[in-house]
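Please open the model in a viewer and keep the sequence panel at hand.

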There are 2 protein chains.
Amino acid sequence: MAANSRFAVAVHALSMLAVHKDERQTSRDIAGSVATNPVVIRRLLAQLARAGIVESTHGAKGGFRLAKPADRVSLHDIYKAVEEGAFFVQHEKRNEKCPLACRMQKILAGVFARVESKVLPELKRTTLADLVGEIGLPA
Amino acid sequence: MAANSRFAVAVHALSMLAVHKDERQTSRDIAGSVATNPVVIRRLLAQLARAGIVESTHGAKGGFRLAKPADRVSLHDIYKAVEEGAFFVQHEKRNEKCPLACRMQKILAGVFARVESKVLPELKRTTLADLVGEIGLPA
DNA sequence: CATACTGTAACCATTGTAGTCACATATTTC
DNA sequence: GAAATATGTGACTACAATGGTTACAGTATG
């Protein structure tokens, strides 16, 4: 893995929990499906646990499960939990003495806000349950 | 600068060219406003030149200018020129023997495509001229 | 020819992410 | 209670992307 695939991996892992909603899944199980290291999964799911999306139990027969029904977990919840910040980033330095540079800051903020206002509703509308529905029948 | 601010810097630089549309701007001029190194600007504008968005001339009195009117340069054109790939990225590895993992690929692709279908029209609709219009009157 | 530009290679520093090992802690099972 | 099985997390390595910088070849102007 090279690029930032945290969101994709999170959705994959959570879909797995949603499909097997009656058994706990271990980080090893999930890592097996995602083809990565269990520690990577534990770190990612730790963030999702802090966001109230999953629950974990230690010890034998332990593992992870969803903390709420799949139709109450939106992609936006997941995104917020695992990715920080916005889709676009401004350059933080600029020449404060340049009038254009100073105005660009607000203009770019406006552009980014407009784009985000298109994306967020789509992410909020889609839930884990929708994705699981697309899978067809669970294994 | 830490994060990926190429798109923001590109918009900043191009706005500058749009505002001063009768004089060529040098990479040094632009770097002065953006507060970065001229080479960084030249590298970025070289990509925009390949995309047909700016033109450059070498030598004394040389520099950069827009290759077409500001109302014919959309933010989408700029984005395509300076950022590669999509907004979201999938994890490329997965357990090919796991039925869920295999289906996740298509499901994620669908999700990402839906989000993109919300973003692209917004980027295509907005032009450099729109941004320059927001600046108020040029210096 | 001197000057003033772009284009680009080369290199360094920084940062973010993934991957890995190790281990403290918690829970179940026997 | 001891053994087995989990999570949570610190520490470390490897790697890729980005930005910043220096240097220089090529090119246009006057």
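Begin by selecting chain A, in which 46% of the 139 residues count as buried. The model is a predicted one.

**Chain A as a whole**

Followed along the sequence, they occur in the pattern α-α-α-β-β-α-α-α. Next, orient the view along the principal axes: the C-alpha atoms of chain A fill a box of roughly 60 × 30 × 25 Å. The radius of gyration of chain A is 19 Å, whereas a compact globule of 139 residues would have one near 14 Å. Among the contacts in chain A with a separation of 6 or more, 63% are between residues 24 or more positions apart.

If the charged groups are coloured, chain A shows 21 positive and 14 negative charges, whose mean positions are 7 Å apart.

**The two copies**

Display chain B alongside chain A. A rotation of 180°, with 0.0 Å of shift along its axis, superposes chain B on chain A with an RMSD of 0.0 Å. The two copies are therefore related as by a two-fold rotation axis. To locate this axis from chain B, select B:K118, whose C-alpha is the nearest in that chain, 2.9 Å from the axis. The interface residues of chain B are, to 100%, also interface residues in chain A, so the copies meet through the same surface.

**Helix α4 of chain B**

Select residues 75-82 of chain B, which form helix α4. How many of the eight residues of this helix are buried? Six are, and the helix is thus mostly covered. They are B:L75, B:H76, B:I78, B:Y79, B:A81 and B:V82.

Move to helix α2 of chain B (residues 27-34) and select B:S33. Is B:S33 buried or exposed? Its relative accessible area is 2%, so B:S33 is buried. Beyond its neighbours within four places in sequence, B:S33 is in contact with residues of chain A, namely A:R94, A:N95, A:C98 and A:A101, and with B:H12 and B:M16.

Then select B:A35, in the loop between α2 and α3 of chain B. B:A35 is partly exposed, at a relative accessible area of 24%. Its phi is positive, about 65°, although B:A35 is not a glycine. Most residues other than glycine have a negative phi.

**A:K61**

Return to chain A and select A:K61, in the loop between β1 (54-57) and β2 (63-66). A:K61 is likewise not a glycine and has a positive phi of about 65°. With 82% relative accessibility, A:K61 counts as exposed.

**B:E116**

Finish in helix α5 of chain B by selecting B:E116. The relative accessible area of B:E116 is 27%, so this residue is partly exposed. Which residues does B:E116 touch, not counting those up to four places away in sequence? They are B:A86, B:F87 and B:P121. Lastly, draw a C-alpha to C-alpha distance from B:E116 to B:F88: the two are 9.1 Å apart in space and 28 residues apart in sequence.

How values were computed. Residues are numbered from 1 along each chain as its sequence is written. Chains are lettered from A and ligands numbered from 1 in the order in which they are written. This is a predicted model: local features need pLDDT of at least 70, side-chain atom pairs count only at pLDDT 80 or more; totals for chains, interfaces and linings use all residues. Side-chain values use heavy atoms; hydrogens and water are left out. Helices (H or I, at least four residues) and strands (E, at least two) are DSSP runs, numbered from the N terminus. The radius of gyration is taken over C-alpha atoms; the globule rule is 2.2 Å times the number of residues to the power 0.38. Buried means under 20% relative accessible area, exposed over 50%, partly exposed in between (1.4 Å probe, protein chains only). Contact means heavy atoms within 4.5 Å. Lys and Arg count as positive and Asp and Glu as negative; His and the chain ends are not counted. The place of a charge is taken as NZ of Lys, CZ of Arg, CG of Asp or CD of Glu. Copies are superposed by least squares on the C-alpha atoms of residues with pLDDT of at least 70 in both.
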